[in-house]
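Trainee: I am new to this structure and would like to learn how to read it. Could you walk me through it?

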Amino acid sequence: MVFFLILYIHILACLLWVCFNIEKTWIPAVDFIYAKTALFEEEFLKQYLSMCYHAIMVFGLNEVAPRAVPEILVVILMMIISAMMNAFIFGEMAVLVQEMDKKDIEF
Amino acid sequence: MLDAAIVRQPHIVSARSNVRFVWDFIVIIFAVVNGVTLPLEIAFGDQFSNEPWYRVLDWITISVFILDVIAGFFTSYVNISSGDEIFGMRMIAINYITEGTFLIDIASTFPIDQLAVAFGAEQDGSVAQSLKIFGLLKIQRLRRISKIIGNMNQT
């Protein structure tokens, strides 16, 4: 389950980068006060980790401030899917924990 | 026809054998690796997709998955209604194509983007990039994990 969570976040991060990279008008929340961002010229690791962070934001239905129309559409869609994944993954985790408790009680 | 199909054939690998188990394991490892690297290539592709180690990894992954499709035709399956293990090649092929994952396997494994490049699309153009998304279907092979876990629980 944790593995699927990580894989989902990874794929979501890459998808967000694809759609933010089209227009390059998106600004991450840390750079709001400058109203411009140097993220698109940064090195790979910085870009990827930033996108992972924002993917987790989308997964938790937080603010990522999309600007252009395609970005808004993608983020809306991914938020709806994320809400379902949230329920699915954490529901499954709850069941697993319950099973473990049962096994402990037996002995 | 059924009676003939149950007889064990030397060139057909049993679905319950160790060989198949190890092969499933290898395919799952490559499915995980591919599930991580493919989104990275689509999103950040211009930064590392032309490195030699990445090209080698890409071709190894593709050949493993093509071998997996071929292996699907040489692996027996268990008939759900009768519980018999079927070894007839004809019936294996029919089962794999109609009830198995043959179509998804083909769509995910076949390097469509390379074909598009061969027909004149740009190597790093948007057409070839977006065709790579089909490769994400390879992740569905992870469903075999549940089969392997079931195997481990039995023993």
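Trainee: At roughly what angle do the axes of helix 1 of chain A and helix 2 of chain B cross?

Mentor: Keep in mind that this is a predicted model. The two axes cross at roughly 10° and come within 8 Å. Angles under 35 degrees count as roughly parallel, so helix 1 of chain A is roughly parallel to helix 2 of chain B.

Trainee: Which residues meet there?

Mentor: A helix has 3.6 residues a turn, so residues three or four places apart point the same way. Here, helix 1 of chain A contributes A:L7, A:H10, A:I11, A:C14, A:W17 and A:V18. Their partners in helix 2 of chain B include B:G35, B:V36, B:P39 and B:L40. By type, the residues of this contact are 11 nonpolar, 2 polar and no charged.

Trainee: How many residues does helix 1 of chain A have, and which of them are buried?

Mentor: Helix 1 of chain A has 22 residues, 2-23. From first C-alpha to last, this helix reaches 33 Å, close to the expected 32 Å. Its buried residues include A:I11, A:C14 and A:W17, which also take part in the contact with helix 2 of chain B.

Trainee: What is the secondary structure of chain B?

Mentor: Chain B has 8 helices and 2 strands, and from the N terminus the order is α-α-α-β-β-α-α-α-α-α. Its C-alpha trace spans about 55 × 35 × 25 Å along the principal axes. Of the 155 residues of chain B, 15% count as buried.

How values were computed
Residues numbered from 1 in each chain as written. Chains lettered and ligands numbered in written order. Predicted model: local features only at pLDDT ≥ 70, side-chain atom pairs only at ≥ 80, totals over all residues. Helix = DSSP H or I, 4+ residues; strand = E, 2+ residues; numbered from the N terminus. Expected span 1.5 Å × (residues − 1). Buried ≥ 20, exposed ≤ 12 C-beta atoms within 10 Å, placed from the backbone. Axes fitted to C-alpha atoms, helices over the stretch in contact; angles between N-to-C directions. Parallel < 35°, antiparallel > 145°, perpendicular 65-115°, else oblique. Contact = placed C-beta atoms within 7 Å. Nonpolar A, V, L, I, M, F, W, Y, C, P; charged D, E, K, R; others polar.
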